[in-house]
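Morning, everyone. Please bring up the model on your screens. I'll be quick.

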Amino acid sequence: MPNPPQVMTARLSEREVLNAKFTQYRFELVLPTKIHFQSGQYVSMSVDPAGHRRSFSISSTPENDHGFDLFIDVEPHGMGVQYLENLQFGDTVSVLAPMGQFVVQSEDPTVPLVFVASGSGVAPLRSMLYDQLQKHGENRKMTLFWGLRHEADMCWTDDLKSIVASHPNITFHPTISRAMDEWPLCRGRVTDCLTVHEVDVTAEYYICGNQQMILDTIAVLVARGVPEGKIFHEKFY
Amino acid sequence: MTPQPNTPAVTTPNTMTGAVVEKQIGKYNVVVDRSKCISAASCVAIAPKVFELDEESLAVVISQDGNDDDTKLLAAQSCPTAAIIVTDTESGEQVWPPK
């Protein structure tokens with residue numbers, strides 16, 4: 001059962017522009033000084049004095065309990081993105097955290113995990129992947145399907161290549177919907193990728209992306225024999 | 001949209017040393033717009049004595065006075081779809097979402 005949320009104050013400590021689409025933010029906690037969350041949970045950040053809040057999934061792992069990372073798609077440039085962009089280093093933010101119930105259900109490493117993301121929806125799944133890797137090492141089979149529009153949107157490439165190279169239990173399927181001719185891997189939407197690769201009906205599936213992507217992915221998985229009870233998705237995207 | 005009917009601020013008679021004192025428990029009334037609810041359950045996490053998920057996994061109000069006004073407002077503001085409407089029963093104004 002996830003811990004109940006509480007109001008927390010955190011300070012912006014890092015901002016890394018990964019590419020034109022994604023920026024990663026690092027916040028260090030001020031009060032309280034530690035957060036006990038589960039991979040897949042999110043923070044609800046106050047983004048204006050009127051009380052509007054925006055929800056951002058945590059992309060870092062629970063082991064790092066003195067702060068949290070956010071992985072932000074800056075292209076919509078809505079209220080939340082503008083708020084984050086205007087923060088100066090050292091500025092504090094108010095968040096409610098940890099929030100959400102989108103967490104890994106089975107801690108049994110013999111149950112494989114499949115993560116299916118589009119765009120910034122990879123944030124909570126990245127946290128889950130690295131957390132499970134820390135807990136179970138090579139004993140748990142995990143697969144990440146990540147759909148992006150352009151090759152230039154790809155990030156964390158070296159990290160992901162490195163863990164795939166060093167862990168035989170990890171498989172990564174990047175999928176590009178508007179790929180250049182020379183792109184050697186899957187093309188199209190992430191659901192297209194799911195239809196051509198093996199689907200393990202014994203695995204748990206975790207989906208995060210926009211609402212249509214979630215519905216389409218569930219439809220593909222169910223059609224391929226995955227029980228609906230083994231499919232989990234974040235609801236606020 | 002099927003909003004739940006507004007109810008007045010809760011007043012509880014409280015007997016102390018023979019006198020009847022009227023104690024008001026908050027002035028905010030919350031209503032869930034079920035057509036907007038996506039079952040994120042942030043309201044339940046923040047104000048579990050006011051909100052719960054029903055058999056359809058949609059948020060419902062189980063009590064207006066289970067949590068204090070600030071907590072109720074925070075629960076409403078944390079809803080990703082702004083499905084919770086907060087009204088000040090004294091002024092009649094909608095507190096959240098801002099009009």
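Some ground rules. This is a predicted model, where local features need pLDDT of at least 70, side-chain atom pairs count only at pLDDT 80 or more, and totals for chains, interfaces and linings use all residues. Residues are numbered from 1 along each chain as its sequence is written, while chains are lettered from A and ligands numbered from 1 in the order in which they are written.

Helices (H or I, at least four residues) and strands (E, at least two) are DSSP runs, numbered from the N terminus.

Start with strand 7 of chain A, residues 113-118. Six of its six residues are buried, so strand 7 is largely enclosed by the rest of the structure. Buried means 20 or more other C-beta atoms within 10 Å of a residue's own; exposed means 12 or fewer; partly exposed is in between; C-beta atoms are placed from the backbone.

Look at both faces. One side has Leu113(A), Phe115(A) and Ala117(A). The other has Val114(A), Val116(A) and Ser118(A).

Now the partners. Strands pair if DSSP finds at least two bridges between them. Strand 7 pairs with strand 8, residues 142-148, in the parallel sense over six bridges. There, Leu113(A) stands opposite Met142(A). Strand 7 also pairs with strand 11, residues 204-208, again parallel, over five bridges. Val116(A) has Ile207(A) as its bridge partner there.

Last stop: Glu85(A), in helix 1, residues 79-86. Buried or partly exposed? Glu85(A) is partly exposed, because 13 other C-beta atoms lie within 10 Å. Its C-alpha atom is separated by 13 Å from that of Ser13(A), 72 residues apart along the chain.
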